[in-house]
Amino acid sequence: MKEFSELNLSSAIRSNLAKHGFVTPTPVQAQAIPPALEGKDVVATAQTGTGKTLGFALPVLQRLVESQGKPGTGNIRAVVLSPTRELAIQINETFMKIGGNTGVRTAVVVGGMDESRQLRAIRAGAQIVIATPGRLVDFLQRRLVDLRGVNIAVLDEADRMLDMGFLPSLKQILSAMPEGRQTLLFSATIEKSVSHLVESSVRNPVRIAIGAITKPAEHVDLHVYEIEQGHKLDLLQQLLRNQDGSFLVFSRTKHGADRLARNLERTGVNATRIHGDRTQGQRNAALAGFKEGKFRVLVATDVAARGIHVDGIAHVVNFDLPQVPEDFIHRAGRTGRAGLRGIASTFSTRAERSEIRRIERALNVKMQQLPFTANAASMAANAKMIAEAEIREAVEEQQQSARAAAPTSHVVRKSFVAGVGAKGPSSKKPSFGRSASGKSTGSKPANKHKKVGGGSAPWRKEWRSAGPAGGRREAVTV
Ligand SMILES: Nc1ncnc2c1ncn2[C@@H]1O[C@H](COP(=O)(O)OP(=O)(O)OP(=O)(O)O)[C@@H](O)[C@H]1O
Ligand SMILES: [Mg+2]
């Protein structure tokens, strides 16, 4: 298949593809779509950012259009499972783009968001449910969904879905579906540890492996800096000063992500953060703000490592090393997508040297070692800004809790607040020579970020017009 037009697709899907600039399939699409359209099981591995989503969304939609009006149990005909809520929401966007005017409807079923809306969408006749396993199992156990009519199951990030954390829920979900269903498994990585589980969830699958699947995407330059823990913030700031574009920075822990994002903000960088301890509203706002360019830096745990597509992220930073080599591939793969180039920089302490070698061996790559010279003056300036901001924040916090603890009478509250040395919200804050918000205007707006490089395959050229605008894992929750 050289062009989507060669496929026997519904006219609505055809025109949706054209409308969104999808003309030439990517290699994984060219190989996965025809057998998937025939109803075969597919296990596909292809590098990050090479269009796997459309590789399953298109056949699912086309098959549902073809089966419309046929009798079955319940409405739900297809279930797409994703490891994170944000990814489920993003996958739904692709289904909506390609499924417009087909009469096929979707429902997103994820935790942390209003369940009554999700149930309304299912009851209104959604044939495709795009879900995270936890919420879907919950609905199943409460008998709020019926999966007995499901003909197609898709596991995006299949290896992640099949690993220990998700497996019990996944088994329950799959066993609620008919055995004869079609199963489609997609990921950039399927490590050996889950290959037996892959075998048990598919039947005579067509196997597709594009590129060197154990390698990071080819459009990502891999850099490594050996650095002391205490110098990492300074190095990140140097990179932010010297390079254009938006940065996705990975932290190992939720607490670390909070601290780093706050310290970036305190030193004048537009930064936000996403991790599992934030409310879904905060998570959505952080990702949306990063996509819109409101924030130049998104600090994230591995909750953002898989599948998330943000146009033109220039730089991924492993502020902390990933837990397993596969995570390295997925993290690095948030840049260098859709034919663009990107950089993935890894900050490693001397003690972590052997970890770096392990990643290099596992992925069969050599990272470029780059020098770093700590800038004593800028480190001191940062430390001062952070300390000042901490004092300012502590004072604000104290004022806030004093206000919250005060009796509701206006007169009494006023005198109480005055009693702790302030006059209320509009009072002059302690001045440390910077604005009260701690933000400077120094950071560049994300929409001015340069997009870099490109490839030569025909579908790579079309990338630019497509899209919205034209080892062992420790039990760490992210
Ligand atoms: N045939 C195509 N032509 C042009 N652009 C495409 C095509 N297919 C997909 N894209 C675009 O490529 C980008 C990346 O696609 P997608 O998110 O599906 O990658 P992926 O392979 O799932 O990556 P990951 O492994 O990180 O999940 C999206 O912006 C998408 O719109
Ligand atoms: Mg994907």
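1. Helix α13 (residues 325-332) and helix α14 (residues 353-363) of this predicted model pack at an angle of about 80°, with their axes 9 Å apart, where axes are lines fitted to C-alpha atoms, for helices over the stretch in contact, and angles run from 0 to 180 degrees between N-to-C directions. The two helices are therefore roughly perpendicular, a label that covers angles of 65 to 115 degrees. Pro-325, Phe-328 and Ile-329 of α13 meet Ile-359, Ala-362 and Leu-363 of α14, contact being taken as C-beta atoms, placed from the backbone, within 7 Å. By class this contact has 6 nonpolar, no polar and no charged residues, with Ala, Val, Leu, Ile, Met, Phe, Trp, Tyr, Cys and Pro counted as nonpolar, Asp, Glu, Lys and Arg as charged, and the others, Gly among them, as polar.

2. Residues are numbered from 1 along each chain as its sequence is written, and chains are lettered from A and ligands numbered from 1 in the order in which they are written. Because the model is predicted, local features need pLDDT of at least 70 and side-chain atom pairs count only at pLDDT 80 or more, while totals for chains, interfaces and linings use all residues.

3. The chain holds 17 helices and 14 strands, which are DSSP runs (H or I, at least four residues, for helices; E, at least two, for strands) numbered from the N terminus. Of its 478 residues, 44% are buried, that is, with 20 or more other C-beta atoms within 10 Å of their own, against 12 or fewer for exposed residues and partly exposed in between.

4. Not counting residues up to four places away in sequence, Val-129 touches Ile-76, Val-79, Ala-107, Val-109 and Ile-122.

5. Ala-338, in the loop between α13 and β13 (342-348), has a positive phi near 50° and is buried, because 22 other C-beta atoms lie within 10 Å. Asn-364, in the loop between α14 and β14 (368-370), has a positive phi near 55° but counts as exposed, with 9 C-beta neighbours inside 10 Å. Most residues other than glycine have a negative phi.

How values were computed
Two residues are in contact if their C-beta atoms, placed from the backbone, lie within 7 Å. Angles under 35 degrees count as roughly parallel, over 145 as roughly antiparallel, 65 to 115 as roughly perpendicular and the rest as oblique.
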